[in-house]
Amino acid sequence: MRIPEIQQALRDAGLEAWLFFDHHHRDPLAYKVLQFSVAHTPTRRWYYLVPAEGEPVKLVHKIESGMLDALPGTKIAYAGWNELMAALGNLLAGRKQVAMQYSANCAVPYVAMVDAGTVELIRSFGVEVVGSANLVQYFEARWNQQKLDSHLEAGRRVDEVLKHAFAYIAECQRANRFVDEFDVNVFVRQGFEAAGMTTDHGPIVGVNAHASDPHYEPSPERAWPIRPGDWVLIDLWAKLTQPGSVYYDITWTGYCGTAVPDAHQRVFEVVSGARDAAVAKVISATAAKETLHGFDVDDAARGYIREAGFGDYFFHRTGHSIGEEVHGSGAHMDNLETHDDRLVIPWTCFSVEPGVYLPEFGVRSEVNMFVGEDGARVTGAVQAKPVLIG
């Protein structure tokens, strides 16, 4: 069971207790952190209090009294709302604060699972509710050596698929054979399958103005052809098919011709410079054992792009946590969409992917960074210049 580890994390954070709550599977993080599952959807509220010291306590409805039987601790059952209020009062008596899946002002919406009414209810007992974002990250975003190894191997295979995708476009153009964004999308998916990898969706293959839509994904109905003189962005992510594997997620860009136009080269240099500034910030801070937040990394990349005069054209966060899901449960590199004040901690991985999206074309350059005990590193190839396709 994870309870001793949770209690140690609470003590390390100076927190009294962690209060888990669910109703109709509103909080999937609770089940992940506590490492248990239920046979059916909870139709009544349950609470599970894990104190920094002492035995956990389960509060369940009488008609779903076995809901938390997989977890250790004393069980209290209620039926009516008045019994629930009394039981919660006893559960929280003498406590000044509890951590919950709550984020003040919804600053980190990825962990804001507890509804406002429940937060108000807990506060009505004179108990402060503090956010559990860093606790969740500690238990859900950290990797082990097996996950790191799976990421590195996925990186080798994804890098190879990407290289072949650009070569496929070049081959079609040399042969005067029609190729469009969706053809390349299918080519990449087939490459993943042949390489023993899987993905949840994608890849993004965007030509010219489509490269300025960060979440564009081609379909047979709306795919643009790829012709000589076109700018191409490919964003692809995949993981090994073995259980427990984690994603590798990168974006590269290229030009269909022998020389990159000055405008494209200029924007590429700005974006890659921002990427490198963010990477350098992470490497220097982790090497010096400095406190580093997600927003700090975003500031490094965004500041570089803003100084270059393209700030209005970078309208998404700098990066996201990476795990068994391509967008993981750890700190995001974000001070735009949210003020992500979660700590960047050892044994986590995230993307660094600044972009500049002009009306005519867009550039994004994405790498993955892994933070270890003694520093951080980029885990795959780094694009130094646009690919000349053909």
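**Figure 1. N105 sits in the loop between β5 and α4.** Helices (H or I, at least four residues) and strands (E, at least two) are DSSP runs, numbered from the N terminus. This is a predicted model, in which local features need pLDDT of at least 70 and side-chain atom pairs count only at pLDDT 80 or more, while totals for chains, interfaces and linings use all residues. Residues are numbered from 1 along each chain as its sequence is written, and side-chain values use heavy atoms, with hydrogens and water left out. N105 is not a glycine, yet its phi is positive, near 60 degrees. Most residues other than glycine have a negative phi, and most peptide bonds are trans. N105 is exposed, with a relative accessible area of 80%; exposed means over 50%, buried under 20%, and partly exposed in between (1.4 Å probe, protein chains only).

**Figure 2. S103 is placed in the loop between β5 (97–100) and α4 (116–123).** S103 is buried, its relative accessible area being 11%. A polar atom of the S103 side chain lies 3.1 Å from the backbone nitrogen of A107. Such a polar contact is a pair of N or O atoms within 3.5 Å; within protein, one must be able to donate a hydrogen and the other to accept it, and residues adjacent in sequence count only if both atoms are side-chain atoms. Leaving aside residues up to four places away in sequence, S103 touches V108 and A112, where contact means heavy atoms within 4.5 Å.

**Figure 3. Helix α7 covers residues 181–194.** Helix α7 has 14 residues and reaches 20 Å from its first C-alpha to its last, close to the 20 Å expected at 1.5 Å a residue; the expected span is 1.5 Å times one less than the number of residues. Its buried residues are E181, V184, N185, V188, G191 and F192. Seen down the axis of α7, these buried residues fall within an arc of 125 degrees, so they line one face of the helix. The arc is that of the directions from the helix axis to the C-beta atoms. The face of α7 turned away from the buried side carries the exposed residues Q190, E193 and A194. Among the elements covering the buried residues of α7 are α6 (145–174) and β9 (231–240). At the start of α7, a side-chain oxygen of D180 comes to within 3.1 Å of the backbone nitrogen of F182. Just after α7, G196 has a positive phi of about 75 degrees.

**Figure 4. Helices α6 and α7 cross at roughly 145 degrees.** Their axes come within 10 Å; axes are lines fitted to C-alpha atoms, for helices over the stretch in contact, and angles run from 0 to 180 degrees between N-to-C directions. In α6, V158, V161, H164, A165, Y168 and I169 meet D183, V184, F187, V188, G191 and F192 in α7. The C-alpha atoms of Y168 and F187 are separated by 8.3 Å, although these residues are 19 residues apart along the chain. Not counting residues up to four places away in sequence, Y168 touches R177, V179, D183, V184 and F187.

**Figure 5. N176 lies in the loop between α6 and α7.** N176 is exposed, with a relative accessible area of 74%. Its phi is positive, about 55 degrees, although N176 is not a glycine.

**Figure 6. A cis peptide bond joins G202 and P203.** Omega of this bond is about 5 degrees. P203 is found in the loop between β7 and β8.
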